[in-house]
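Please keep the sequence and the structure in view while reading.

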Amino acid sequence: MDKRNRLIAIGLIGVGCLMIFGKWIGFFSVVALLFLLLGIYRTTSGKVKQGYKLLGIGAVLLLLDHLLLVLGICLISLGAFYVKSKRLQQGKVFMQKQGFSSRFDWDLSPWVMRCLSAWHVLGEADVDLSLAIAEDKETIMLFQGIFGDMDIHLSDDYGVEIEAFVLFGSIEFGSHRDTGMMNRLNWKSANYETSPNKVKFSISYLMGDLDITKP
């Protein structure tokens, strides 16, 4: 029954997209839409890696056929990033990065944790809080973009708050995993209010994979 419901949902999404964007859809758009729908189906079925590959192919085909549309989506996302960054980082000294791609390898050796706002089209981050050296008592880290792959390893040394949203993809927290569309996570550690060092993650991607591991 679950498989049947997923197929119905994906079919309704496809029909809705055709109704909304029908006059702009050509051959490449139809093929791209099929890849995107198949990628969503594979992701919701648990075949996450295969689903991401199909979503990527669909996105590239859509980019080739609708460059202005894709650029428009990127500009909207970037504009929203600037507004959100200003609101979250208000009164703080922070580092701001934006670019086509970025990678953060903070799981290999001790690293200094600073307030950060990062936007990218393609992004990957591995964050291990057990190796982090906090520069301030409260750190805010904003990650936002189009495609993202993040792994966060929590630590009892920090009070942690996480606000995450992934439109297409998955969010895994401990033993629980949500896949498909409109995935959201709001969580605060039990020691957040009493911890001398706090860190807040705000994560938002159109397509992404977020894995959070508890200590």
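A pocket is here an open set of grid points with protein on both sides within 12 Å along at least five of seven lines, and its lining residues are those that have an atom within 4 Å of a point. The model is predicted, and features of local structure are considered where pLDDT is at least 70.

**The second largest pocket**

- The second largest pocket has a volume of about 190 Å³, and its lining is made up of Tyr52, Leu55, Leu122, Gly123, Glu124, Phe147, Gly148, Asp149, Met207, Gly208 and Asp209.
- At least two residues of this lining come from each of helix 3 (48-65), strand 3 (116-128), strand 5 (138-153) and strand 8 (198-213).
- By residue class, the lining of the second largest pocket comprises five nonpolar, three polar and three charged residues.

**Nonpolar cores**

- In soluble globular proteins, nonpolar side chains tend to be buried together.
- The largest nonpolar core in this model has 29 residues, and Leu129, Phe143 and Phe201 are those with the most contacts inside it.
- Two or more residues of this core are given by each of strand 1 (95-106), strand 2 (111-113), strand 3, strand 5, strand 6 (159-173) and strand 8.
- When neighbours within four places in sequence are left aside, the contacts of Phe201 are Val127, Leu129, Met141, Phe143, Ile152, Val160, Glu161, Ile162 and Glu163.

**Aromatic pairs**

- The count of aromatic pairs comes to five.
- Phe104 and Trp106 form a tilted pair, because their ring centres lie 4.9 Å apart with the planes at 45 degrees, and both of these residues are buried.
- Phe104 also pairs with Phe143, and here the ring centres are 5.7 Å apart and the planes stand at 80 degrees, so this pair is edge-to-face.
- Since Phe104 belongs to strand 1 and Phe143 to strand 5, the pair ties together parts that are 39 residues apart in sequence.
- Phe104 counts as buried because its relative accessibility is 6%, and Phe143, with a relative accessible area of 0%, is buried as well; the cut-off for this label is under 20%.
- Ring pairs join Phe104, Trp106, Trp111 and Phe143 into a cluster, and Phe143 is also one of the residues with the most contacts inside the largest nonpolar core.

Notes: Residues are numbered from 1 along each chain as its sequence is written. Side-chain values use heavy atoms; hydrogens and water are left out. On a 1 Å grid over the protein atoms alone, a cavity is a set of points where a 1.4 Å probe fits but cannot get out, and a pocket is an open set with protein on both sides within 12 Å along at least five of seven lines; lining residues have an atom within 4 Å of a point. Grid points are joined across faces, edges and corners, and a volume is the space filled by probe spheres set on the points. Helices (H or I, at least four residues) and strands (E, at least two) are DSSP runs, numbered from the N terminus. Ala, Val, Leu, Ile, Met, Phe, Trp, Tyr, Cys and Pro count as nonpolar, Asp, Glu, Lys and Arg as charged, and the others, Gly among them, as polar. A nonpolar core is a set of buried Ala, Val, Leu, Ile, Met, Phe, Trp, Tyr and Cys residues joined through side-chain atoms within 4.5 Å. Buried means under 20% relative accessible area, exposed over 50%, partly exposed in between (1.4 Å probe, protein chains only). Contact means heavy atoms within 4.5 Å. Rings of Phe, Tyr and Trp (its six-membered ring) pair if their centres lie within 6.5 Å; planes under 30 degrees apart count as stacked, over 60 as edge-to-face and the rest as tilted.
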